[in-house]
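Subject: A structure to look through

Dear colleague,

I am passing on a structure for you to look at, and below it I set out what turned up. Please keep the display open while you read.

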Amino acid sequence: QVQLVESGGGLVQAGGSLRLSCAASGTILIIDTMGWYRQAPGKQRELVASITSGGRTNSGDSVKGRFTISRDNAKNTVYLQMDSLKPEDTAVYFCNAVIVPLVGPRSGYWGQGTRVTVSS
């Protein structure tokens, strides 16, 4: 059984910073790409940033230059450093990871989500 557990969300003023963490646990063989998505009220879930096991990153245009994704492979953890936050960054942020478990096929897994609220 594989689980993704996020932490680090909260309320922050515009211009502030938050750091999200997501730790994968369970009977894991390989973790491939890890990433963060977000979903604002009334909007579709969108990619924020992703990072491969080799460290190659990709991010959405709206967060380029403000958010930084990183990972610690030894800890099976991905991070999202969010700086210069804007009210439009308000959303529920979800961690995603493509994982090969010890038993079963390679699959995408989701965390439960962590809420980020940016006040103006």
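A disulfide is a pair of cysteine sulfur atoms within 2.5 Å. Please bear in mind that this is a predicted model, in which local features need pLDDT of at least 70 and side-chain atom pairs count only at pLDDT 80 or more, while totals for chains, interfaces and linings use all residues. Residues are numbered from 1 along each chain as its sequence is written, and side-chain values use heavy atoms, with hydrogens and water left out.

A search of the whole structure finds one disulfide, which joins Cys22 to Cys95 with an S to S distance of 2.1 Å. The pair links distant parts of the chain, since Cys22 lies in strand β3 (residues 18–26) and Cys95 in strand β9 (residues 91–101), 73 residues apart; strands here are DSSP runs (E, at least two residues), numbered from the N terminus. The torsion about the S-S bond of Cys22 and Cys95 is about -80°, so the disulfide is left-handed. Both Cys22 and Cys95 are buried, meaning under 20% relative accessible area with a 1.4 Å probe, protein chains only.

Strand β3 also belongs to an open sheet of four strands, ordered β1-β3-β8-β7 with antiparallel pairing, where two strands pair if DSSP finds at least two bridges between them. The edge strands are β1 and β7, each of which pairs on one side only. Between β1 and β3 there are six bridges, and Val5 stands opposite Ala23 in β3.

Notes. Buried means under 20% relative accessible area, exposed over 50%, partly exposed in between (1.4 Å probe, protein chains only).
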